[in-house]
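Q: I have a model open and want to learn to read it feature by feature. Where do we start?

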Amino acid sequence: MGLSKTERKFRIRRRIRKVSFGTAERPRLSVFRSNSEIYAQIIDDNKGETLLSASSRDKDLAKNKGTKSELAALVGKTIAEKCKETGIEKVAFDRGGNLYHGRVKSLADGAREAGLKF
């Protein structure tokens, strides 16, 4: 019998974390996608702490109307701007077990447009 959807996603997430590890010089940009929202965090795995975060539920982004992909691009731009303010230029991208497609891709493209390097 095959794996369930959550087991498959968990295995993929573990495989990604072997490669994508956040340091102080190059923290990890972690993406979580729910059915209605999208969240992004900048994480330093050496210290085990979240440095920055942005989501589609933030007050300044929640008032924007548009598709979920458009909101994801705005979240990407917002997290990239916060990174530039704190001096972070390069990150390791962690798609969180999701396919690099749709909202995850638009978040990554929005972050790249704002100047963040993967």
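A: Start with what pairing means. Two strands pair if DSSP finds at least two bridges between them. Keep in mind that this is a predicted model.

Q: Which residue of β2 does Phe-32 stand opposite?
A: Phe-32 faces Tyr-39 in β2. The strands concerned, β1 and β2, run antiparallel and are joined by six bridges. They make a hairpin with four residues between them.

Q: How many bridges link β2 and β3, and in what sense do they pair?
A: Six bridges, in the antiparallel sense. Ile-43 is the residue opposite Thr-50 in β3. This pair of strands is a hairpin too, with four residues between the strands. Look at Gly-48 there: its phi is positive, near 75 degrees.

Q: Is β2 mostly covered or mostly open?
A: Mostly covered. Of its seven residues, five are buried. The cut-off for buried is under 20% relative accessible area.

Q: What share of the residues is buried?
A: Buried residues are 37% of the 118 in the chain. The accessible surface is about 7400 Å², and carbon and sulfur atoms hold 49% of that.

Q: What share of contacts comes from residues 24 or more positions apart?
A: Take the contacts with a separation of 6 or more. Residues 24 or more positions apart account for 61% of them.

Q: Now the helices. Why do residues three or four places apart point the same way?
A: Now look at helix α3. Its buried residues include Leu-71, Val-75, Ile-79 and Cys-83. Ala-72, Gly-76, Thr-78 and Ala-80 are buried in α3 as well.

Q: What covers the buried residues of α3?
A: The cover includes the strands β1, β2 and β3, and the helices α2 and α4.

Q: What span should α3 have, and what does the model show?
A: The 19 residues of α3, 68–86, should span 27 Å. The end C-alpha atoms are 27 Å apart, which agrees. After the helix comes Gly-87, with a positive phi near 90 degrees.

Q: Which elements do the buried residues of α4 pack against?
A: They pack against β1, β2, α3 and β4. Among the buried residues of α4 are Arg-103, Leu-107 and Ala-111. Gly-115 follows α4, and its phi is positive, near 110 degrees.

Q: By what is a pair of aromatic rings described?
A: By the distance of the centres and the angle of the planes. This structure holds three aromatic pairs. In one, the rings of Phe-32 and Tyr-39 have centres 5.9 Å apart and planes at 35 degrees, so the pair is tilted. Phe-32 is partly exposed at 44% relative accessible area. Tyr-39 is partly exposed at 27%.

Q: How are the rings of Phe-93 and Phe-118 arranged?
A: They are stacked, 5.1 Å centre to centre with 10 degrees between the planes. Phe-93 lies in strand β4 and Phe-118 in the segment after α4, so the pair ties together parts that are 25 residues apart in sequence. Phe-93 is buried at 19% relative accessible area, whereas Phe-118 is partly exposed at 28%.

Q: Which residues form one aromatic cluster?
A: Phe-93, Tyr-100 and Phe-118.

Q: One last spot. Where does Ser-4 sit?
A: Ser-4 is in the segment before α1. Its relative accessible area is 33%, so Ser-4 is partly exposed. Its C-alpha atom is separated by 17 Å from that of Gly-96, which is 92 residues away along the chain.

Technical notes. Residues numbered from 1 in each chain as written. Predicted model: local features only at pLDDT ≥ 70, side-chain atom pairs only at ≥ 80, totals over all residues. Heavy atoms only, no water. Helix = DSSP H or I, 4+ residues; strand = E, 2+ residues; numbered from the N terminus. Expected span 1.5 Å × (residues − 1). Buried < 20%, exposed > 50% of the residue type's maximum accessible area, 1.4 Å probe, protein only. Contact = heavy atoms within 4.5 Å. Areas by Shrake-Rupley, 256 points an atom, 1.4 Å probe, with all protein chains shown as cover. Phe/Tyr/Trp six-rings, centres within 6.5 Å; stacked < 30°, edge-to-face > 60°.
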